[in-house]
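Okay, thanks for coming, everyone. Let me put the structure up and walk you through a sheet and the helices around it.

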Amino acid sequence: MDYLEINKEAWDKRTQVHVASKFYDVEGFIAGNSSLNPIERQLMGDVDGKSLLHLQCHFGLDTLSWARLGAKVTGVDLSSQAIAQAKELAQTVDLPASFITSDLYSFGETSTEQFDIVFTSYGVLCWLPDLELWAKTIANSLKAGGRFYLVEFHPFNDVLSGYGYFPSKTPDIEEEGTYTENCSGETSTMHTWPHSLSEVITALINAGIAIEGFQEYPYSPYNCFPDLEYVEDQGYCLPFKGQTIPLVYSITGQKIT
């Protein structure tokens with residue numbers, strides 16, 4: 001069994017738990033709430049009327065939140081269970097959206113559609129062994145002058161947790177549960193890879209994405225790491241030896257015409 005099958009099985013199991021969790025608050029979304037955080041909202045601005053590709057979209061809450069803001073959305077995810085839930089949710093809230101079950105690399109090989117925006121966020125890169133191919137998929141999916149937005153957890157926190165920082169061809173293989181409050185304790189085998197900031201930025205540049213912005217944030221919008229402390233008007237911070245550490249970073253880029 002290869003890593004895609006292993007990770008797909010894990011995310012198929014996680015999806016059912018996540019849909020029922022307070023962490024994702026599906027009921028609140030159905031009632032009209034947005035799942036988007038201030039970081040990505042401020043970063044991307046007005047998306048009304050723009051075509052938007054959401055890579056690794058999970059079960060589509062963020063994708064559909066962009067649709068509520070007027071974007072013409074397409075979401076892609078490895079998990080067939082997540083995509084099934086995304087399609088059901090789109091019908092429930094009566095929002096137009098396309099959802100595709102595919103691993104990112106296979107999608108990149110077969111898709112010919114191009115978009116105004118490619119977006120991906122929060123805990124996505126660790127599931128990918130090859131960032132050069134990831135970046136090429138992004139570039140090929142953008143129209144000339146199209147924009148790319150990444151919001152991701154900062155690898156510095158991974159280092160503090162005992163994981164590697166620099167790229168490795170050998171995955172970390174672990175038995176883990178999930179991060180939502182309703183986790184039963186059941187675990188799944190998962191394969192992940194570390195990626196340094198320099199690897200991410202270099203892969204995008206090599207694929208023809210001009211980097212226009214890079215920001216680091218000393219907080220996370222999600223309480224999904226140990227020992228976080230909530231700070232009003234920011235989010236969850238992690239004090240370390242009297243200092244705050246970066247927990248999230250963002251990259252903005254544009255496809256070179």
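Quick definition before we start: an axis here is a line fitted to C-alpha atoms, for helices over the stretch in contact, and angles run from 0 to 180 degrees between N-to-C directions. Helices (H or I, at least four residues) and strands (E, at least two) are DSSP runs, numbered from the N terminus. This is a predicted model, where local features need pLDDT of at least 70 and side-chain atom pairs count only at pLDDT 80 or more, while totals for chains, interfaces and linings use all residues. Residues are numbered from 1 along each chain as its sequence is written, and side-chain values use heavy atoms, leaving out hydrogens and water.

So, helix 4 and helix 5 (residues 80–93): they pack at about 30°, axes 10 Å apart. That makes helix 4 roughly parallel to helix 5 (angles under 35 degrees). Who touches whom, with contact meaning heavy atoms within 4.5 Å? From helix 4 you've got Leu61, Leu64 and Arg68, meeting Ala86, Leu89, Ala90 and Val93 of helix 5.

Zooming in, strand 1 (residues 51–55) pairs with strand 2 (residues 72–77) in the parallel sense over 5 bridges. Histidine 54 has glycine 75 in strand 2 as its bridge partner.

Technical notes:
Pairing = 2+ DSSP bridges. Parallel < 35°, antiparallel > 145°, perpendicular 65-115°, else oblique. Contact = heavy atoms within 4.5 Å.
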